[in-house]
Amino acid sequence: MYAPRTTPWPLVALFTAGYLAPYLLPTTVGRLERGLDLTPTQAGGVGSLLLLSSATAGFLLASRVERTGARTLARLGLVLAAVGYGGAALTTSVPAVVAGAVVGGFGSGTATTVAATRIAAEKDPHRASTLGLLSVSALAGVVYL
């Protein structure tokens with residue numbers, strides 16, 4: 001017979017939390033432009049720094065998830081994302097917003113890296129990664145509504 005399929009819902013949720021900020025980046029850049037009186041190029045630069053920081057976390061941490069511990073890194077990533085994005089949202093100082101975007105991006109990248117490496121180790125990684133992408137799309141849709 002067939003073994004029951006179990007979905008790693010905590011990994012799907014972690015992937016969703018980590019991937020949401022980059023997923024919403026076009027809206028974020030528009031809000032930076034209007035809210036801080038930045039030029040489109042400057043606002044796009046802040047968004048690019050966020051993505052670069054997120055990618056840097058992935059490159060630095062993907063090979064270290066098992067050694068460091070997935071739970072520790074996931075928690076660290078979520079805390080960094082909350083502190084970085086929360087701090088950026090609470091200020092109108094451009095340098096503080098840029099720093100918050102970089103810290104938040106690193107946290108998002110850390111969370112996404114942990115989720116992706118753990119999902120890849122699952123028996124059915126395609127199912128979990130598809131559910132992660134669907135959940136982040138659904139959450140973004142709810143945020144936009």
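**Exercises on a predicted model**

By the ring-pairing rule, the count comes to 2 aromatic pairs. The structure is a predicted model. Work through the exercises in order.

**Exercise 1.** Classify the pair formed by phenylalanine 15 and tyrosine 19.

*Solution.* 
- A pair of aromatic rings is described by the distance of the centres and the angle of the planes.
- The centres of phenylalanine 15 and tyrosine 19 are 5.4 Å apart.
- Rings pair if their centres lie within 6.5 Å.
- The planes of these two rings stand at 20°, so the pair is stacked.
- Planes under 30 degrees apart count as stacked.

**Exercise 2.** Describe the aromatic pair of tyrosine 19 and tyrosine 23.

*Solution.* 
- The distance is 5.9 Å centre to centre.
- The angle between the planes is 55°. The pair is tilted.
- Tyrosine 19 and tyrosine 23 are 4 residues apart in helix 1, so about one helical turn separates them.
- Tyrosine 23 is partly exposed, because its relative accessible area is 34%.
- Ring pairs join Phe15, Tyr19 and Tyr23 into a cluster.

**Exercise 3.** Which residues make the nonpolar surface patch of about 260 Å²?

*Solution.* 
- The patch is made by Tyr19, Tyr23 and Leu133.
- Leucine 133 sits in helix 7, residues 125–144.
- Its relative accessible area is 42%, so leucine 133 is partly exposed.
- Patch residues need over 30% relative accessible area.
- Tyrosine 19 has 31%, and tyrosine 23 has 34%.

**Exercise 4.** Find the residues that UniProt lists for "transmembrane region". Then describe the fold of each span.

*Solution.* 
- The unreviewed UniProt entry lists residues 42–61 and 73–90.
- Residues 42–61 are 100% helix and 0% strand. The end C-alpha atoms of this span lie 29 Å apart.
- Residues 73–90 are 94% helix and 0% strand. Here the end C-alpha atoms are 25 Å apart.

Technical notes
Residues numbered from 1 in each chain as written. Predicted model: local features only at pLDDT ≥ 70, side-chain atom pairs only at ≥ 80, totals over all residues. Heavy atoms only, no water. UniProt positions renumbered as here; feature names shortened; annotations may be inferred. Helix = DSSP H or I, 4+ residues; strand = E, 2+ residues; numbered from the N terminus. Patch = residues over 30% accessible without salt bridge, like charges linked within 9 Å, V, L, I, M, F, W, Y side chains within 5 Å. Areas by Shrake-Rupley, 256 points an atom, 1.4 Å probe, with all protein chains shown as cover. Salt bridge = Lys/Arg side-chain N within 4 Å of Asp/Glu carboxyl O. Buried < 20%, exposed > 50% of the residue type's maximum accessible area, 1.4 Å probe, protein only. Phe/Tyr/Trp six-rings, centres within 6.5 Å; stacked < 30°, edge-to-face > 60°.
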